[in-house]
Amino acid sequence: MTRRRLLGLAVLVAALLVATGAVVTTRLVANRPAAPAAGPTTAPPAPPTPAPTTASPAPPPGADLKGPLNLLLVGVDTRVSIPGWEPHADAVLLLHVPAGLDRAYLFSLPRDLVVDIPAYPKARYPGGRTKLTHAMSYGSRVPGDKAHPSTAQGYELLRTTVSRYTGLRIDAGAVITFGGFDKLVDTLGGVDLYVDQRVASRHRRPDGTMRTLTGGGYVGPQMVYEKGTRHLTGWQALDYARQRYTAGGDYTRQRHQQQLLRALARKILDQGTARDPQRVEQVVAALGRTLVYAGGGRKLIDFAYALGGLPADRLTLVVLPGAGVSSGGAYRGEQLKPLGRDFLTALRGGRADAFLAAHPSLRVRN
């Protein structure tokens, strides 16, 4: 298993980047050559030699990673399997770990957030003001090769766009297709999730097969997720987290995606997966090529040591309120309300805890 792929898994399961890093740290220590065992010898004693000079221990990897750290997590729609289909960012989440690395905040940006996307010469994109989701597709274009868009390029433009909008430096991140997320959940044996409202699926039947798409929309029996604690398989967890035609629309979907990531974090901790290298390898192998990792030039072991002390129960889910933007009576996209923008300001200034204490409605409780 490569360092690149393992950190990709850790970034994907945002709350568990630390725990997965601890696995790597444990493995590196365990794989060091053992010191020879002491035992009797018949050889004559060697003449005394001068005591060696004690060298100062080298600082652990990642000792310079003091925080804050920001990880960008992106889910792209499943049509990337179609030749020439440009990936769209369907889910955009940020994990912020403040200075001290003792807590973390996970929040989403609306896929339809109206932002300024900068020019991107690699894709010959001149820049413009449009929906955030398009940064992935515009950036993925490879001049002279329309049949093979680059997800890595798309992520690069999305990362720059998100960084400029939020004012946060992005240190690492990952892009995963929804098919990969499906595999991740199944590899973990499903996930227990609190469904906070009744959700009827637009896309799936109760047996998991796709509903029929006609000119007027989807038809046929629907999978329904009733309120309460549910055990969901991979396709169910993915389907539930993708539904946005619910009370609250896309903002509800953002909350459900965050809750799913937190539920996965708890699942991995409960199973002891984070301290079982074999299980971690199984999870990473299940993802295969469905994941693209961008580490910002840092090595896995740097993150493993730097974030090794982050308590797993100190992941706070935050919802940023927004509203629709119209022009000439036509819907253009979404914008964050002042309260959501103020949270980003507080986050940059290291005042997130105080801000959330003053505005508890921003915390996702379940």
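This is a predicted model: local features need pLDDT of at least 70, side-chain atom pairs count only at pLDDT 80 or more; totals for chains, interfaces and linings use all residues.

Reader: What sits over the ring of Tyr245?
Author: The charged end of Arg202 does, 4.4 Å from the ring's centre. A charge counts as over a ring if NZ of Lys or CZ of Arg is within 6 Å of the ring centre and within 35 degrees of the ring normal.

Reader: OK, rings. How many aromatic pairs does a search of the whole structure find?
Author: It finds 4. Rings of Phe, Tyr and Trp (its six-membered ring) pair if their centres lie within 6.5 Å; planes under 30 degrees apart are stacked, over 60 edge-to-face, the rest tilted.

Reader: Why is the pair of Tyr125 and Tyr138 called stacked?
Author: Because the planes are at 25 degrees, with the centres 4.8 Å apart.

Reader: Where are those two in the chain?
Author: Tyr125 is in the loop between β4 (114–117) and β5 (128–131), and Tyr138 is in helix α3 (residues 134–140). They are 13 residues apart. Helices (H or I, at least four residues) and strands (E, at least two) are DSSP runs, numbered from the N terminus.

Reader: And how do Phe343 and Phe355 pair?
Author: They are tilted: 6.2 Å centre to centre, 55 degrees between the planes. Phe343 is in helix α10 (residues 338–348) and Phe355 in helix α11 (residues 352–358).

Reader: Is Phe343 buried or exposed?
Author: Buried, with a relative accessible area of 0%. Buried means under 20%, exposed over 50%, partly exposed in between (1.4 Å probe, protein chains only). Phe355 is buried too, at 13%.

Reader: New topic. Where is Gln257 found?
Author: In helix α7 (residues 249–271). Gln257 is buried, with a relative accessible area of 10%.

Reader: What does the side chain of Gln257 reach?
Author: The backbone oxygen of Ala241, at 3.4 Å.

Reader: Which residues is Gln257 in contact with, leaving aside neighbours within four places in sequence?
Author: Asp90, Ala91 and Ala241. Contact means heavy atoms within 4.5 Å.

Methods:
Residues are numbered from 1 along each chain as its sequence is written. Side-chain values use heavy atoms; hydrogens and water are left out. A polar contact is a pair of N or O atoms within 3.5 Å; within protein, one must be able to donate a hydrogen and the other to accept it, and residues adjacent in sequence count only if both atoms are side-chain atoms.
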